[in-house]
Amino acid sequence: EQSRDEGTTKWFSGCVALSVEPADSEWLSELNCFIRKNCIQAFSATKQDVLKTSKRGRIVLDQVGIRCKFCVHRPLKDKAVAAVSYPTSMAGIYESVKRWQRVHLPACM
């Protein structure tokens, strides 16, 4: 986890749990809070992420993504579907977590 300063913009580089405590518990179910705190990471896309996973240029350097913390170190070809996503909005984060829970988790474990 580090931040880099490029001009006047500071960029975060690394990963953190997706949970935002205590606000999450006001808006999300207990299960969603558990998943965000213990199972999913928010991260900033690296050059390698962009090269390996970008489809039609949709992912850019430092774009925020979410990923399964249990298979983060597995090669791309060994990850179950929906292990990583790059939501394009705040609402997309909620939908990506729900998709991770429905599609990825059963295939990952």
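This is a predicted model: local features need pLDDT of at least 70, side-chain atom pairs count only at pLDDT 80 or more; totals for chains, interfaces and linings use all residues.

Modeller: Happy to! The sheet is an open one of four strands in the order β3-β4-β5-β6, with antiparallel pairing. Its edge strands are β3 (15–17) and β6, each of which pairs on one side only. Strands here are DSSP runs of E with at least two residues, helices are runs of H or I with at least four, and both are numbered from the N terminus. Two strands pair if DSSP finds at least two bridges between them.

Residues are numbered from 1 along each chain as its sequence is written, and side-chain values use heavy atoms, with hydrogens and water left out.

For the setting, the protein has four helices and six strands, and along the sequence they follow the pattern β-β-β-α-α-β-α-β-β-α. Buried residues make up 35% of its 109 residues; buried means under 20% relative accessible area, exposed over 50%, and partly exposed in between, with a 1.4 Å probe and protein chains only.

Now to strand β5 (residues 64–68). Four of its five residues are buried, so β5 is largely enclosed by the rest of the structure. On one side, β4 and β5 pair in the antiparallel sense over five bridges, and I40 stands opposite C68 of β5. Two bridges join β5 to β6, again running antiparallel, and here I66 has S85 in β6 as its bridge partner.

Strand β4 (residues 40–44) brings us to F43. The structure holds one aromatic pair. It is formed by F43 and Y86 and is edge-to-face, 5.7 Å centre to centre with 70° between the planes. For the cut-offs, rings of Phe, Tyr and Trp (its six-membered ring) pair if their centres lie within 6.5 Å; planes under 30 degrees apart count as stacked, over 60 as edge-to-face and the rest as tilted. The pair links distant parts of the chain, since Y86 sits in the loop between β6 (84–85) and α4 (90–108), 43 residues from F43. Both F43 and Y86 are buried. F43 has another neighbour to look for: R67 lies over the face of its ring, at 4.2 Å from the ring centre. A charge sits over a ring if NZ of Lys or CZ of Arg is within 6 Å of the ring centre and within 35 degrees of the ring normal.

The loops on either side of β5 are worth a stop too. D62 is in the loop between α3 (47–53) and β5, and its phi is near 75°, a positive value in a residue other than glycine. A82, in the loop between β5 and β6, likewise has a positive phi, near 65°. For context, most residues other than glycine have a negative phi. D62 counts as buried because its relative accessibility is 10%, and A82 counts as buried because its value is 16%.

Finally, look at the nonpolar packing. A nonpolar core is a set of buried Ala, Val, Leu, Ile, Met, Phe, Trp, Tyr and Cys residues joined through side-chain atoms within 4.5 Å. The largest one has 13 residues, of which L18, I35, I40, V97 and W100 touch the most other members. Strands β4 and β5 and helix α4 each supply at least two residues of this core, and the largest share, four residues, comes from α4. I35 touches I40, V97, W100 and Q101, not counting residues up to four places away in sequence. Contact means heavy atoms within 4.5 Å. Among contacts in the protein between residues at least 6 apart in sequence, 50% join residues at least 24 apart.
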